[in-house]
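Good morning. I will go through one model today, chain by chain and then across the interface. Please have the structure open as I speak.

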Amino acid sequence: MSTSVQEIENLISQGYKQGFVTDLEADTFVPGLDETVIRRLSQIKNEPAFMLEYRLKAFRHWQTMTPPDWAQLKVAAIDYQSISYYSAPKSKKAGPKSLDEVDPQLLDTYKKLGIPLDEQERLAGIAVDAVFDSVSVATTFKAKLKEAGVIFCPMSEALVEYPELVQQYLGTVVPPGDNFFAALNSAVFTDGSFVYIPKGVRCPMELSTYFRINAANTGQFERTLIIADEGSHVSYLEGCTAPMRDENQLHAAVVELVALENATIKYSTVQNWYPGDKDGIGGIYNFVTKRAECRGRKAKVSWTQVETGSAITWKYPSCVLLGDDSVGEFYSVALTNNLQQADTGTKMIHIGKNTRSTIVSKGISAGRAQNTYRGLVKIAKSALNARNHTQCDSLLVGDKCGAHTFPYVEVKQPSAQVEHEATTSKISEEQLFFCQQRGLSAEDAVSMIVNGFCKEVFRELPMEFAVEAQALLGISLEGAVG
Amino acid sequence: MLSIKNLHVNVGDKPILKGLSLDIKPGEVHAIMGPNGAGKSTLSHVLSGKAGYTVTEGSVSYYGQDLLAMAPEIRAREGVFLAFQYPVEIPGVSNIYLLKAALNAIRNHKGLPEVDAMDFLTLVKGKVKLLQMDEKFLYRAVNEGFSGGEKKRNEILQAAILEPKLCILDETDSGLDIDALRIVSEGVNSLRSAERSFLMITHYQRLLDYIKPDVVHVLADGRMVKSGGPELALELEEKGYSWLEGQAA
């Protein structure tokens, strides 16, 4: 990440801070969750009335729900009353004071990823004083988007600047009652991205959350809403390859995508949240609800994810194909090592006519990790000529890990064609020795073989991410050989 | 350049090599023949560094270095190449990618910069032509869907690119038809030089018609029981191995 990006980031967080007119009684809320907390949260953020109502309704519903336990995961019970639901920007009191206090393994990874020192500080959670610098790059970026009519801002800003637009779409793809974590998120979400692409506009640049992120606190309950109006096109990048630490263990984000007629949304994620130490302690729980609706004819949504971090990854980026001729795609690499767990996959719901979906899932298990693919292909009676192709491959590294597959296929339309292929393979001793005999170290050999395994998915990532993702995979597999 | 002295090797508890000695000078082509179970594959595996073998006695010196103390990838980077009897498949990794990675690992080891992309492509295409292979195969995954003959040719192609100093051919002729055998042999012969030595492991005289050895050894019951010139191979073809068995070297 370059210094110019750092500049933009500092700049945006400066502007964002200015949006907060109300003063904060305390930097951080006392842990606990009740209606008072939610009212205070909404008030601090200066939200319109409808938003508070939405939150309260969601909260009341959440209180009637129980956490789901059907996944192939071992999740320690979470005490929702011991979480603080708001932390003001830039307050990182609990964080390390300098790089000397940071886990040396983490620092080693930053170095391997070629991350500059001040960047390392930011990622390790050290409070960084915002340096207000010259605005050239930031201005160009914002100006370009403004020219195109693209709205890209923090959700909290959107609620103040474009409340009607938000109200029209928020919760229409993932309703508050959808699941336990979505309900919680709907009640207490702190921030996220809001994107609106006007009719016929091809967004002039790839939108990256890096440009939007509040410098200090990574979103614990992020809420993102992307709307691509008719004939528009946008590519959105989320995440970063460097392992991010956060004192908050639970990350329950909600991402809603709406693609209208002839619109295309490409959503790419590279996630490397802190996975915990090699005994699995202290890692992040990444429980995310991501869903897209292709509402218009020929709308298209592509999810691409590379998940290498978190102690537990639990997410199913999905597409509801309502519009005729609409297309949904899901490309995923999920890697688990040491004691990580993943239960991830997708749901493709075909409702309109002539809809198409493609699923390519690559699961890599190493160490003592458990990796599960769970996918649903649902073809409604109305979905004439629906087509799905699913390719679900697992790669096992070593002999103490596990890979599991739970495909669900429900077809109610006779003209539909659904294909499911699955493979499970191992990196064999023979393959490793062959590569070594050609001069490659065992680790380089594993990295090469795994990258070859993931090629199909990496091809879908925007270039910068693809290069980082390959390096990331190599680093994440360290210690998996031998 | 290769000096094996009194090598004793076990697989598990079972002794396979029982005092094998061999000297190879630069530029020499040695053939090792012998009955099944004699220890020919064990020798090639121990020299290349495959796991699962225990050296109980003896030494191997390679250009003055203790070969057995070197990790397999270091041996490779120092110029030891094994053309496998059963080359493995590596899905997802293209042949050209592997070649480049291997070549760069070797160059890196020698303190050389990574090979220029254009130069590399030219080099590879030239060698592909030499081995009468289709360029398209370069972009296919390593050995995936290859016939036996194609796999063996691929091994020789890799040797041609990586330019080893000691080239061990482990039953390279097994599974090859007449034409493939001729092409592979031509490829090997094109690699012969004063700085390169070959150790060919084979059952049959046939290969030695195409690749004329300087020395022929017979390995039986874990030991070299006889060494001689190319005519020894012809004698074996005629008489079999039994007249040699029971003879200590």
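One definition before we start: a residue counts as buried if 20 or more other C-beta atoms lie within 10 Å of its own, and as exposed if 12 or fewer do. Anything in between is called partly exposed. Also keep in mind that this is a predicted model.

With those terms, take helix H3 of chain A, residues 49-62. The face of H3(A) turned away from its buried side carries two exposed residues, Ala49(A) and Glu53(A). On the buried side we have Met51(A), Tyr54(A), Arg55(A), Ala58(A), Phe59(A) and Trp62(A). Looking down the axis of H3(A), these buried residues fall within an arc of 130°, so they line one face of the helix. As for length, the 14 residues of H3(A) should span 20 Å at 1.5 Å a residue, and the end C-alpha atoms are 20 Å apart, which agrees.

Now let me step back to chain A as a whole. Chain A has 12 helices and 19 strands. Of its 482 residues, 51% are buried. If we take the contacts in chain A between residues at least 6 apart in sequence, 85% of them join residues at least 24 apart.

Is Phe29(A) buried, exposed or partly exposed? It has 19 other C-beta atoms within 10 Å, so Phe29(A) is partly exposed. Setting aside neighbours within four places in sequence, Phe29(A) is in contact with Val37(A), Ser84(A), Tyr85(A) and Tyr86(A). Ser84(A) is 55 residues away from Phe29(A) in sequence, yet their C-alpha atoms are 5.6 Å apart.

Further along chain A is helix H12, residues 463-476. H12(A) has 14 residues and reaches 20 Å from first C-alpha to last, close to the 20 Å expected. Its buried residues are Phe465(A), Glu468(A), Ala469(A), Leu472(A), Leu473(A) and Ser476(A). They cover an arc of only 145° around the axis, which puts them on the same side of H12(A). What they pack against is a set of strands, E5 (233-239), E8 (264-271), E10 (300-307) and E13 (327-336), together with H11 of chain A.

Last, a helix pair in chain B. H5(B), residues 148-162, and H6(B), residues 178-191, pack at an angle of about 10° with their axes 10 Å apart. The two helices are therefore roughly parallel to each other. Residues of H5(B) in this contact include Ile156(B), Ala159(B) and Ala160(B), and those of H6(B) include Ile183(B), Val184(B) and Leu191(B). The residues of the contact divide into 8 nonpolar, 2 polar and 2 charged.

Terms used. Residues are numbered from 1 along each chain as its sequence is written. Chains are lettered from A and ligands numbered from 1 in the order in which they are written. This is a predicted model: local features need pLDDT of at least 70, side-chain atom pairs count only at pLDDT 80 or more; totals for chains, interfaces and linings use all residues. Axes are lines fitted to C-alpha atoms, for helices over the stretch in contact, and angles run from 0 to 180 degrees between N-to-C directions. Helices (H or I, at least four residues) and strands (E, at least two) are DSSP runs, numbered from the N terminus. Angles under 35 degrees count as roughly parallel, over 145 as roughly antiparallel, 65 to 115 as roughly perpendicular and the rest as oblique. Two residues are in contact if their C-beta atoms, placed from the backbone, lie within 7 Å. Ala, Val, Leu, Ile, Met, Phe, Trp, Tyr, Cys and Pro count as nonpolar, Asp, Glu, Lys and Arg as charged, and the others, Gly among them, as polar. The expected span of a helix is 1.5 Å times one less than its number of residues. The arc is that of the directions from the helix axis to the C-beta atoms.
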